[in-house]
Structures are given as structure tokens and as C-alpha cells.
Amino acid sequence: MTGKPRIPREDAALPPCADVSATVMANDSKALLRARLLLARRAIAPRHKTAWDAAIGARVLDWWDANKPPMLGVYQALRGEPDLDAAYAELAARGARLALPVVVARDAPLGFAEWRPGEAMATDQMGVKVPADLRMVACPPALLVPCLGFNDGNFRLGYGGGYYDRTLAAAPRTRTLGIAYACMQAEFASAPHDVALDLVLTEAISP
């Protein structure tokens, strides 16, 4: 292993996030805001998405090199979320232990299963990929949390299921890195049960 990142870093060449065509309004309800943000994310050109995913992956690697938690919770990309599979392979090569979220009950916090990139996968009842061999572990001390949207207070807008809210409400508090595209930043009010993320990483925001 050389120590050089396997993910290219071309920050100066990244296209502006303003290429996303959907308009997000500050007075939208959360349901409408979710719909607008999903449309906006689908409107990202594939070549831009590939470049942004690589930039976010490089920032995740920088964060891990600086912090090296004993285990990092990651996610499998759904519905146009940033795809960090290349970064996960590099994290594993650097010795990181990874875990994927597992829905254990509809109104419960997420469970987590240890995962190695390349191992056999299955699809759960929610349509999410999980390891075929579920090796359940405690909630990792650090999590990558995919965001549909986020605001300037580092509050996350998800799909409305509340799984991450319930997970982050538990003690001890885990470190959280929101993962999103910069153009998914929007104005919305947080609810009393919402938990702010420690950091949000985008193609334009470094650790």
C-alpha cells in the first residue's frame, strides 16, 4: 500500500452545484421539501455525480486518517445518495473496520452489522443491502449519515422514517458525519427530537 489515495482529487475541476435545476423554497413543508430535493438530486448529471462522489470519498478518507475510530458505520447508497464504494474499499485497505445499518424493527433504532467490502450481500425487507452473514455489533462510535438535505445548523433532513433520529438519540452519543451534495443545503426548521450532526461533508466542504 502506498499511502496515496486511490480516489482522484480534482477539487478545482468540480462543477458548480448550481447545475441542479430544482428550486427549494424556504417555506416548503418538509414533505414538499423532500420531494423537491429528491428531484434536484435526480437532476445531477452523471458526470458531475461521479466527480462529486470522488471528492466526498477523498474527504471521508482524510477524516478517517485524522481520527481513526475503532469502527466506522457506513451506508449503501440509495435513491441517488453519494456512492462511496471506492472510499469504503480504500478504508478497508487502510485497516478500517466498517459496519452497515440494519433495520431491526420499524420504530426502533438501527442495528449494525460488521461488513467487509466484497462480501456476499442480501436485500432486507426494506430493499436495503445488508451482509448475507449478519455479524451484529454495537452502534459504531462514528457514523457516516446520508442526508437528503441539511441546513446551516447541521441538522439533517432524511426520508421521514426516523431511523437515524432514534439511533442518534441513544447514549453514548456517537460522532456523526453527514454526507450530502452541497446543493442539498436548504432552509428548514429542526424539530425538538432532531439531533444535529457533528459535521457535514460535501464535495465543497472539507473536514
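This is a predicted model: local features need pLDDT of at least 70, side-chain atom pairs count only at pLDDT 80 or more; totals for chains, interfaces and linings use all residues.

Colleague: How many aromatic pairs does the structure hold?

Modeller: Three. Rings of Phe, Tyr and Trp (its six-membered ring) pair if their centres lie within 6.5 Å; planes under 30 degrees apart are stacked, over 60 edge-to-face, and the rest tilted.

Colleague: Why is the pair of Trp-52 and Tyr-181 called what it is?

Modeller: The ring centres of Trp-52 and Tyr-181 are 5.5 Å apart and the planes are at 50°, so the pair is tilted. Trp-52 is in helix 2 (residues 46-67) and Tyr-181 in the loop between strand 10 (175-179) and strand 11 (199-201), so parts 129 residues apart in sequence are tied together. Helices (H or I, at least four residues) and strands (E, at least two) are DSSP runs, numbered from the N terminus.

Colleague: Are Trp-52 and Tyr-181 buried or exposed?

Modeller: Both Trp-52 and Tyr-181 are buried. Buried means under 20% relative accessible area, exposed over 50%, partly exposed in between (1.4 Å probe, protein chains only).

Colleague: And what about Tyr-75 and Tyr-88?

Modeller: Their ring centres are 6.4 Å apart with planes at 85°, so that pair is edge-to-face. Tyr-75 has a relative accessible area of 2% and Tyr-88 has 1%. Ring pairs join Tyr-75, Tyr-88 and Trp-115 into a cluster.

Colleague: Switching to charges: which ring does Arg-79 sit over?

Modeller: The ring of Tyr-159, with the charged end 4.6 Å from the centre. The criterion is NZ of Lys or CZ of Arg within 6 Å of the ring centre and within 35 degrees of the ring normal.

Colleague: What is the angle between helix 2 and helix 3?

Modeller: About 25°, with the axes 9 Å apart. Axes are lines fitted to C-alpha atoms, for helices over the stretch in contact, and angles run from 0 to 180 degrees between N-to-C directions.

Colleague: Last one: where is Leu-199?

Modeller: Leu-199 is in strand 11. Leu-199 is partly exposed, at a relative accessible area of 22%.

Methods. Residues are numbered from 1 along each chain as its sequence is written. Side-chain values use heavy atoms; hydrogens and water are left out.
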